[in-house]
Amino acid sequence: MNYRRVSLPDSSIAAALVIAIATHSLAHAQMQTASNAVEPTDPKATEQWEPVPKPVTPGDTAGSPPSDAIVLFDGRTLDQWESSKDRTPTRWKVHDGVMAVDKSTGNIQTRQLFRNYQLHLEWRIPKNITGEGQHRGNSGLFLASTGPDDAGYEIQILDSFRNKTYVNGQAAAVYKQAPPLVNSSREPGAWQSFDVIWTAPTFAADGTLTSPAFVTVFHNGVLVQNHVRVTGETTNRGTPKYRPYKAAPIKLQAHGDPSPPISFRNIWIRELK
């Protein structure tokens with residue numbers, strides 16, 4: 001390679017040198033200032049005293065509601081729930097501290113609306129479950145119900161203990177969006193739990209999405225969804241899309257598969273800012 005020597009006027013060279021020296025001096029001074037900054041030696045200088053977190057009494061056992069929880073089902077009544085179809089009192093059955101799905105009456109939802117929250121829910125696939133794939137103990141936990149039927153954001157409930165199906169439709173999947181990290185399903189007849197952290201999507205005044213939804217899920221104490229970005233409302237067909245909403249009920253699905261209905265118990269929620 002041949003290099004060509006270019007001559008600059010003395011004034012241009014001098015100006016370039018002045019700029020280079022000034023830039024170097026400024027950078028050096030900034031580095032010296034940073035390195036000479038005095039680190040606090042008193043431990044009290046890094047102590048934070050306000051605001052004081054409010055006290056919350058944890059539940060007596062793992063899975064029992066803490067003192068600031070809203071109990072959505074305590075095994076006695078369904079006063080916190082209504083029909084998703086027409087908002088009339090739900091006709092699902094309660095017996096022996098358990099809520100059983102009534103497939104003939106459709107989905108149910110909470111009377112109260114929520115945005116961001118921590119949710120605990122326990123569910124059981126019948127021991128005598130029949131069917132295969134999506135026709136085996138199918139139900140769903142809708143973290144935000146945006147309409148009747150299956151509109152909203154669903155975490156799948158299914159018998160996934162030795163039951164083959166598409167992975168983004170197995171238990172603890174963000175339905176048709178995100179398979180669980182692992183399959184931590186228990187065998188039919190055993191109680192299972194979901195612990196969910198839901199961060200609702202936010203929208204501008206014109207309905208434009210400003211922040212997507214995120215979800216974290218523990219299935220039977222095992223992390224299966226780790227702050228997953230939700231791409232829109234879950235749907236069986238087509239592409240997920242966002243529709244603006246401010247707050248929404250939580251919905252439980254009465255799926256129309258022919259297998260015996262599943263059961264729920266011990267449902268509580270903690271609202272988060």
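How much space lies in the largest cavity? The largest cavity holds about 40 Å³ of space. The model is a predicted one, in which local features need pLDDT of at least 70 and side-chain atom pairs count only at pLDDT 80 or more, while totals for chains, interfaces and linings use all residues. Residues are numbered from 1 along each chain as its sequence is written, and side-chain values use heavy atoms, with hydrogens and water left out.

**Cavity and pockets**

Rolling a probe the size of a water molecule over the atoms shows where empty space is left. On a 1 Å grid over the protein atoms alone, a cavity is a set of points where a 1.4 Å probe fits but cannot get out, whereas a pocket is an open set with protein on both sides within 12 Å along at least five of seven lines; lining residues have an atom within 4 Å of a point. Grid points are joined across faces, edges and corners, and a volume is the space filled by probe spheres set on the points. By this rule there is 1 cavity of 30 Å³ or more. Its lining includes Val 101, Lys 103, Ser 139, His 255 and Asp 257. In the table, Ala, Val, Leu, Ile, Met, Phe, Trp, Tyr, Cys and Pro count as nonpolar, Asp, Glu, Lys and Arg as charged, and the others, Gly among them, as polar.

| Space | Volume | Lining residues by class |
|---|---|---|
| Largest cavity | about 40 Å³ | 4 nonpolar, 5 polar, 2 charged |
| Largest pocket | about 250 Å³ | 3 nonpolar, 8 polar, 3 charged |
| Second largest pocket | about 180 Å³ | 3 nonpolar, no polar, 5 charged |

The largest pocket is lined by 14 residues, and Asp 150, Glu 154, Tyr 175, Asn 236 and Gln 253 are the ones that lie nearest its centre. The second largest pocket is lined by Lys 54, Asp 68, Ile 70, Ile 269, Arg 270, Glu 271, Leu 272 and Lys 273, and strand E15 gives the most to this lining, with 3 residues.

**Strands and sheet**

The chain has 1 helix and 15 strands, where helices (H or I, at least four residues) and strands (E, at least two) are DSSP runs numbered from the N terminus. Two strands pair if DSSP finds at least two bridges between them. An open sheet is formed by 5 strands in the order E2-E5-E14-E7-E8, with antiparallel pairing. Strand E2 (81-83) and E8 stand at its edges, each with a single partner strand, so one side of each is left without a neighbour in the sheet. E2 is joined to strand E5 (residues 108-110) by 3 bridges, and Ser 83 has Ile 108 of E5 as its bridge partner.

Strand E7 (residues 139-145) is joined to strand E14 (residues 251-252) by 2 bridges, with Leu 141 standing opposite Leu 252. E7 also pairs with strand E8 (residues 152-157) in the antiparallel sense over 6 bridges, and these two strands form a hairpin with 6 residues between them, in whose turn Asp 149 has a positive phi of about 60°. A further hairpin is made by E12 and E13, with 2 residues between them and a positive phi of about 55° at Asn 220 in the turn; 5 bridges join these antiparallel strands.

**Burial and core**

Of the 273 residues of the chain, 41% count as buried, where buried means under 20% relative accessible area, exposed over 50%, and partly exposed in between (1.4 Å probe, protein chains only). In E7, 7 of its 7 residues are buried. Thr 216, in strand E12, is buried as well, with a relative accessible area of 13%.

A nonpolar core is a set of buried Ala, Val, Leu, Ile, Met, Phe, Trp, Tyr and Cys residues joined through side-chain atoms within 4.5 Å. The largest one has 46 residues, of which Leu 141, Trp 198 and Phe 264 touch the most other members. E6 supplies the largest share of this core, 4 residues. With contact taken as heavy atoms within 4.5 Å, and residues up to four places away in sequence not counted, Phe 264 touches residues including Phe 73, Trp 92, Leu 121, Ile 157 and Leu 252.
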